[in-house]
Amino acid sequence: MRRVPIGERPDWREVAARNGFHFHSLDGEPYWDESHAYAFTLAEIEADIEAPSAELHALCLDFVDRAVGDERILASLHIPRHAWDAVRASWRRRDPSLYGRLDFAYGGTGPAKLLEYNADTPTALYETGVFQWLWLEDLLARGTLPAGSDQYNAVHERLIARFRALPGDGSLALTAYAEAPEDRGTVAYLEDCARQAGLDCRFLDLSEIGLDALGRFVDDRRVPIARLFKLYPWEWAFADAFGREIDASATRFLEPPWKAVLSNKGLLAHLHAMEPHHPNLLPTYFDGDPAAGSLGASYVRKPLYSREGANILMVENDRVVVQDAGPYGAEGHVRQALAPLPDFDGRRPLVGSWIVGDVPAGLCIRESAGPITTNAALFVPHYIAAV
Amino acid sequence: MSSQDRKDGTGGTGGFKRSEAVTLVLLTGAGAAAVGLARIDPSQQMEDIRIYPNAEACIAGRVRTAVDCRIEDDVARTVAAARAPIYRSRAECEAQHGLDACEARGVVAAPEAGTLYVPRMVAYFVGATAAQKLDPQPLFPTAGVVYGVRAVAQPAYRTTWGCPVTPTTDGGSVARVPVATARPPLLNGFGATGRSICGDESSASHHGGGG
């Protein structure tokens, strides 16, 4: 794994505009950065990222199976009691999932260490599946990269295949905060994939979803919603006014409610307890667990629900290195052994490994200046070097 | 868009690890418009309702007390004032509700300046029994539609949320309608938690994706 100063294409902003990538800069700050890229060997991708991702996702599914049968686990994850039946029922029906992203600390040496599983509302999907792919094709066409260079990125075609395989009536409603550009972009991309898979799609702002007198979630035409993709985390949906209506409704969700078990930092403590010697898992404990003392003076404390690095506290040799502000934490925390992100020229890449359906499908890298990857991180493309 | 040099291989496994082709239909141009599929749920429950043009007709029906009739009529008119469907022109409104069925209500400021129109309430409905706990709801007329020489049957009325209501007998006051027609849907049940967590009700700083 190398960080290569490959140089940005002078016209990449026009390429972005032509391909619907309108959120490459957020709040005036750049988000997509192709001035450099990360190069991997095929062996690094297949042995260090892809294979562990498949194994960890399978372990996660085993954990969900265990969690739905054990109220102590659901309680430890602070999933509200009124949501347990929806979580259990969705798993017992085997409601299909669409996607998720495992985030690893990995720098090309030693096993990748799982930092968290964004199993419910991961973004950076369009950038991975489309714009990063176009970047590679463009650099091949321009001769910047030699023929035979590749990319670990089948995200786009796997998404379409997954949508095509969904059971149901062929309809799909998609919802998010319509006014949030990155969310709207991600949902528009998924709608694009779903349409290519033949689904009849309709976008709804979150506020447009109604609940009719029969307990059915309905769209803005009052037509019952058979399947709803929501870029809105389950812990918020459960806390909303409609949160108690989910189990009784006939609507099927993407991600399904059982993903609430995985999109929770408590998962990391449970996985470690299941497989304490797994090379890709870091020792992790719930706050208050006496065993957390074994982590010593260096650890990372994460709220169970936190996203985008919010409210994460990093302690090294009893010194607080970083403490990110944010709205999370009242629900409790885990403590995870410190696995610093690798340092490439003073930049810290976080390796995101996409799961589509139940299969590893590709990779994205978000790069930060500091040790925690927040929503200010830059998206940096990658390639697999030609042999 | 398709991947070039597919046959070169990576030298490792002989196959590429990226998508063979990446195509977009929606984001890159004029995507096909979605076609709505209405679905009918035959198992849905029904509600019996009474339809009255005004409180006097209700009182004359001798099913409800005069006091109840007047209160219900008032409630329905208040709901109509707040929730009647809004149209950007009289023609649009009359196309849905019939000639002379609409009145001006409010104006839109520049740059899309213009008068707004709403249909006039012509009746209201209540539950057949108090036990149904149905709130009185206004009803608006529907425009008759004629295709060629054949008139196509239209519902007599629509609710504020667009559901059709037709009495079981012509001009009658009795109807049986699906529950979703008798009771307005609840809205705004999702989204509040994300806004309150982010402490910002108005700006686009909150978002539900991420991680």
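1. A nonpolar core here is a set of buried Ala, Val, Leu, Ile, Met, Phe, Trp, Tyr and Cys residues joined through C-beta atoms within 7 Å. The model is predicted. Its largest nonpolar core has 114 residues, and those touching the most other members are Val87(A), Phe104(A), Leu174(A), Val261(A) and Val351(A). Helix 5 of chain A gives the most to this core, nine residues.

2. Leaving aside neighbours within four places in sequence, Val261(A) is in contact with Val64(A), Ala67(A), Leu77(A), Val87(A) and Leu267(A). Another core, of 29 residues, lies apart from the largest one, and among its members are Ala80(B), Cys163(B), Val165(B) and Ala180(B).

3. Helix 6 of chain A, residues 155-165, is mostly covered, with eight of its eleven residues buried. The buried ones are Val155(A), His156(A), Glu157(A), Arg158(A), Leu159(A), Ile160(A), Arg162(A) and Phe163(A). They pack against helix 5 (125-142), helix 7 (181-196) and strands 5 (99-105), 18 (348-356) and 19 (359-368) of chain A.

4. How do helix 6 and helix 7 of chain A pack? Their axes are 8 Å apart, at an angle of about 60°. Helix 6 of chain A is therefore oblique to helix 7 of chain A. The contact involves Leu159(A), Ile160(A) and Phe163(A) on helix 6 of chain A, and Cys193(A), Ala194(A) and Gln196(A) on helix 7 of chain A. The crossing of the two helices is right-handed.

5. In chain B, six strands make an open, antiparallel sheet in the order 9-8-5-4-1-10. Strand 9 (164-165) and strand 10 (174-178) of chain B are at the edges with a single partner strand each, so one side of each has no neighbour in the sheet. Helix 2 of chain B (residues 66-83) packs on this sheet and touches strand 4 (123-127) and strand 5 of chain B; the directions of helix 2 and strand 5 make about 65°.

6. Within that sheet, strand 5 (residues 137-141) and strand 8 (residues 157-158) of chain B pair in the antiparallel sense over two bridges. Pro141(B) has Tyr157(B), in strand 8 of chain B, as its bridge partner.

7. Is Leu99(B) buried or exposed? Leu99(B) has 11 other C-beta atoms within 10 Å, and a residue with 12 or fewer counts as exposed, so Leu99(B) is exposed. Leu99(B) sits in the loop between helix 3 (90-97) and strand 2 (102-108) of chain B. Its C-alpha atom is 7.5 Å from that of Ala143(B), 44 residues apart along the chain.

Terms used:
Residues are numbered from 1 along each chain as its sequence is written. Chains are lettered from A and ligands numbered from 1 in the order in which they are written. This is a predicted model: local features need pLDDT of at least 70, side-chain atom pairs count only at pLDDT 80 or more; totals for chains, interfaces and linings use all residues. Two strands pair if DSSP finds at least two bridges between them. Helices (H or I, at least four residues) and strands (E, at least two) are DSSP runs, numbered from the N terminus. Two residues are in contact if their C-beta atoms, placed from the backbone, lie within 7 Å. Axes are lines fitted to C-alpha atoms, for helices over the stretch in contact, and angles run from 0 to 180 degrees between N-to-C directions. A residue is buried if 20 or more other C-beta atoms lie within 10 Å of its own, exposed if 12 or fewer, and partly exposed in between; C-beta atoms are placed from the backbone. Angles under 35 degrees count as roughly parallel, over 145 as roughly antiparallel, 65 to 115 as roughly perpendicular and the rest as oblique. A crossing is left-handed if the near helix is turned anticlockwise from the far one by less than a right angle, and right-handed if clockwise.
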